[in-house]
Amino acid sequence: MHSPSEQILQTPYYAAYSYGPHTVGIVLEDDTTDGDPYRKIKDTLDERDEHGNINQFVVADAETRRHWLRRLGLIAAKQMLKEDLRRQGDRLRGPIDQAAIADFPKDYELYLHKTQRAYDPRKDVYLFGSRNVTVFRSPAEFAEHLIWLMSGSPLKSNGKPDCDCVYCDPSRTQAEISYALGVRHKDPHAPTTARGKGEKAQAAGRGRGRRKRSPSPASIPAKDYTKLNL
Ligand SMILES: [Zn+2]
């Protein structure tokens, strides 16, 4: 991003800049976070078992971070920025090809979890720091939570996040969420579906108004990733 930037939006929660007609950068405000400084810290000790298998967290490298920040920026720009611009009577000059958020929310950290063979470990990427969600395992998993933060972190009457991510609201599967966000092209209900028409249309509705769905039943437990804290 070398071309001169122009600020195109400032909300209480984030600022957006354009770098040419098809590229945008998003900068989160410091308060646009539910991060907890104690939750973002992982023990980075290199542990080996008797078979030489590794179990270690390391802070993610720059390339992995950049990949996540770009994926998240593109989703946020298409799902959030476009609507916010339209609301103030403005619009982007062309389709958004490239975007990035400048950094993760304050007190979040991206890690690689190395496991199995020490000389050629399996590497899984995890985003830690949220006080509401133990861990996010992909940009698509975190996208709705980021959109929730960028919307001012509204709460439900029970004090829980009014967030559409798969952990805050397990009423949709990640496949359904990813499809609605436009990051998964296969409709999870396409071939055969026993579900109601309305729900299907909702899952397919890109750029739909946010959080119009009815609250989810609280009885469905979120997935348990506490084992990651080994
Ligand atoms: Zn969430």
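1. Tyr17 belongs to strand 2, residues 14-18. Strands here are DSSP E runs of at least two residues and helices are H or I runs of at least four, both numbered from the N terminus. The model is predicted: local features need pLDDT of at least 70, side-chain atom pairs count only at pLDDT 80 or more, and totals for chains, interfaces and linings use all residues. Residues are numbered from 1 along each chain as its sequence is written, and side-chain values use heavy atoms, with hydrogens and water left out.

2. The relative accessible area of Tyr17 is 22%, so this residue is partly exposed; buried means under 20%, exposed over 50%, and partly exposed in between, with a 1.4 Å probe and protein chains only. Beyond its neighbours within four places in sequence, Tyr17 contacts Ser5, Glu6, Gln7, Ile8, Thr23, Val24, Gly25 and Val27, where contact means heavy atoms within 4.5 Å. Pro4 lies 13 residues from Tyr17 in sequence, with a C-alpha to C-alpha distance of 9.7 Å.

3. The largest nonpolar core has 43 residues, of which Tyr14 and Leu81 touch the most other members. Such a core is a set of buried Ala, Val, Leu, Ile, Met, Phe, Trp, Tyr and Cys residues joined through side-chain atoms within 4.5 Å. Helix 1 (residues 62-87) gives the most to this core, nine residues. Leaving aside neighbours within four places in sequence, Leu81 is in contact with Ile8, Leu9, Tyr14, Ala16, Val24 and Ala76. A second, separate core of five residues includes Phe57, Tyr126, Phe128 and Val135.

4. An open sheet is formed by four strands in the order 4-5-7-8, with antiparallel pairing; two strands pair if DSSP finds at least two bridges between them. Strand 4 (47-48) and strand 8 (122-128) are at the edges with a single partner strand each, so one side of each has no neighbour in the sheet. Strand 4 is joined to strand 5 (residues 53-59) by two bridges, and Glu47 stands opposite Asn55 in strand 5.

5. The zinc ion has the protein donors His145 (ND1), Cys163 (SG), Cys165 (SG) and Cys168 (SG), at 2.0 to 2.4 Å. Donors are N, O and S atoms within 2.8 Å of the metal (3.2 Å for Na, K and Ca); water is not among the atoms, so sites may look incomplete. The site is tetrahedral, with angles of 103 to 115° among the four donor atoms; four donors count as tetrahedral if all angles lie between 85 and 135 degrees. The donor spacing in sequence is H-x17-C-x1-C-x2-C. Cys163 counts as buried at 2% relative accessibility, as does Cys168 at 17%.

Conventions:
Four donors count as tetrahedral if all angles lie between 85 and 135 degrees; four count as square planar and six as octahedral if opposite donors are over 155 degrees apart and all others between 65 and 115; anything else is irregular.
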